[in-house]
Amino acid sequence: MVTTQTRQNIFWVWSNAVDFQKRGDATYWLPSYTVLTKNKLQHRIADIAELSELRFDPTDNPDGHFHYIDISNVDVLDGAYTKTLLQNADAPSRARKKLEQFDVIVSTVRPNRNATAIVLEKEKTLVGSTGFAVLKPKKINPYYLFAFTKSRYFIDQLVRNTSATMYPAVNEKDVANAKILIPSRQQQEVIATLIVKAYQHKQQSEADQAEAQSIFENQLKQFLPQWSQLKEPQKKVSFWLWSNEIEMTSRLNPDYYLGKGIIHELGKTLSISSFAKAKIGRTPAYDDYVETGGRILKFRAITGAGIDWENKERGYVKENFFEKTQGNRIQENDIVLGSAAHQAHYIGRYIDVVDEIPKEFESGVLTVAEILTIRVERTINPYVLLLFLRSKVGYELIQQQIKGQTSHLYPKDVERMVVPEVLIKISQSSFGAQIESKIKLSLRNARFCKLNIKEAVHRVEGLIVK
């Protein structure tokens with residue numbers, strides 16, 4: 001029996017299906033979550049996998065170093081992760097879970113981020129954050145388990161059980177008690193094949209990117225022997241300086257003038273304005289966003305490893321806004337990076353190139369005001385410029401240009417930035433073409449990886465609703 005009484009936007013509900021003594025928050029009882037108990041999810045994950053009991057203690061590590069994975073290191077789209085090599089003395093307090101091959105790791109913090117991954121390497125010094133639940137598959141194909149943890153049916157179960165705090169989280173038992181569908185071995189193998197194929201594309205993508213980087217580095221060193229030293233982090237110390245180069249009425253922050261030392265080491269330079277134009281987009285008003293319409297690119301879509309076209313949250317605008325801002329549409333070979341952030345270090349950290357625009361957005365894609373676009377002429381290959389801007393030197397030069405308490409990067413300041421003149425020589429040589437080709441192949445393989453992961457998850461969800 002369900003009875004309701006409404007008045008404006010206030011309502012109350014009484015139902016014999018709702019156990020308010022167990023959970024009093026209304027979200028827990030939403031139909032989209034309660035339906036999970038009515039489908040084919042009859043087994044618990046604890047029935048086919050164990051929670052890892054392996055714990056890491058840096059003081060017991062004879063090798064003196066380890067590889068660390070935190071939640072922020074996991075790609076929300078394909079489940080790939082990056083790892084950081086750390087010394088025992090630098091071990092963060094969260095580095096407490098040993099990881100082994102075929103472990104499936106699941107974020108227990110904000111699980112709606114879909115941060116799950118599968119460990120494929122035989123690395124004895126791989127350590128995960130305490131923000132993960134670590135599952136060891138026992139009676140199920142590990143690739144299938146991984147694909148299931150990326151499905152909405154799994155994520156919805158975790159979201160339903162999150163604690164109502166500023167940082168929604170679940171505990172390891174919530175993960176172990178989540179329901180799972182166990183299909184036939186043959187069906188598991190089909191899904192596993194897609195995951196294996198996805199990570200083959202991922203490996204090739206990383207190899208192509210590494211080769212492009214190697215070609216770029218080797219060529220740059222021929223013209224700038226000091227490049228290796230420039231790439232090293234610069235020590236920032238307090239200093240007192242009186243110089244007629246300092247414009248007291250323009251900039252007072254020391255980092256801006258420290259960066260001028262890097263410029264003097266780059267040999268002959270030219271300003272970005274001599275070969276490119278920079279511009280920022282326009283952010284729509286709240287009422288201009290719609291569910292479908294003209295596509296708009298947000299800051300979060302820039303990952304540093306290829307534009308994330310999948311994230312479409314607040315990604316469409318009304319037709320009249322779309323038409324009025326045609327000048328903000330991106331084109332192939334444009335370089336994009338963040339232009340505004342609450343913390344300066346985010347600006348320039350991630351930079352991408354538009355190697356292609358998906359066919360579904362062939363009518364155009366706009367950018368918001370928090371994205372800066374560099375449109376390059378052919379005198380410099382945009383893919384060569386991309387690698388320079390992604391380098392530590394490029395990052396420092398970008399950081400020099402940031403202004404304001406809330407950190408903004410303006411087109412005119414980017415256009416005034418200088419880059420080594422040798423970038424033109426590299427661009428116009430066969431090596432420039434090789435760099436472009438390798439980066440394009442890398443981005444293409446990364447997309448194939450994501451498509452295979454997406455297909456695997458789609459098949460899992462299809463088995464559940466079948």
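Biologist: Does serine 52 count as buried or exposed, and what is its relative accessible area?
Modeller: The model is predicted, so to speak of local features a pLDDT of at least 70 is needed and side-chain atom pairs count only at pLDDT 80 or more, while totals for chains, interfaces and linings use all residues. Residues are numbered from 1 along each chain as its sequence is written, and side-chain values use heavy atoms, with hydrogens and water left out. Buried means under 20% relative accessible area, exposed over 50% and partly exposed in between, for a 1.4 Å probe and protein chains only. Serine 52 is therefore buried, because its relative accessible area is 5%.

Biologist: Which residues are in contact with serine 52, leaving aside its neighbours within four places in sequence?
Modeller: Serine 52 is placed in the loop between strand 4 (49-51) and strand 5 (65-69). Helices (H or I, at least four residues) and strands (E, at least two) are DSSP runs, numbered from the N terminus. Contact means heavy atoms within 4.5 Å. With neighbours within four places set aside, the partners of serine 52 are Lys98, Val134 and Lys136.

Biologist: How many helices and strands are in the protein, and what share of its 466 residues counts as buried?
Modeller: The protein has 14 helices and 21 strands. Among its 466 residues, the share that counts as buried is 47%.

Biologist: Which residues have the most contacts inside the largest nonpolar core?
Modeller: A nonpolar core is a set of buried Ala, Val, Leu, Ile, Met, Phe, Trp, Tyr and Cys residues joined through side-chain atoms within 4.5 Å. The largest such core has 46 residues. Its largest share, seven residues, comes from helix 10 (residues 382-390). The residues with the most contacts inside this core are Ile374, Leu385 and Phe388.

Biologist: Which residues does isoleucine 374 touch, not counting residues up to four places away in sequence?
Modeller: Isoleucine 374 is one of the residues with the most contacts inside the largest nonpolar core. Not counting residues up to four places away, isoleucine 374 touches Ile272, Ala276, Lys277, Asp334, Ile335, Leu337, Leu385, Leu389 and Val414.

Biologist: What separates the C-alpha atoms of leucine 389 and valine 419?
Modeller: Leucine 389 lies in helix 10, and this residue is buried because its relative accessible area is 2%. Among the residues that leucine 389 touches beyond four places in sequence are Ile335, Ile351 and Ile374. Valine 419 is 30 residues away along the chain, and the separation of the two C-alpha atoms is 8.9 Å.

Biologist: What separates the C-alpha atoms of alanine 446 and tyrosine 199?
Modeller: Alanine 446 is also found in helix 14, and it counts as buried because its relative accessibility is 8%. Tyrosine 199 is 247 residues apart from alanine 446 along the chain, and the C-alpha separation is 9.1 Å.

Biologist: What is the phi of phenylalanine 102?
Modeller: Most residues other than glycine have a negative phi. Phenylalanine 102 lies in the loop between strand 7 (95-98) and strand 8 (104-107), and it counts as partly exposed because its relative accessibility is 31%. Its phi is positive, near 75°.

Biologist: What is the phi of asparagine 333?
Modeller: Asparagine 333 lies in the loop between helix 9 (319-324) and strand 17 (335-338). With a relative accessibility of 23%, asparagine 333 counts as partly exposed. This residue has a positive phi, near 80°.
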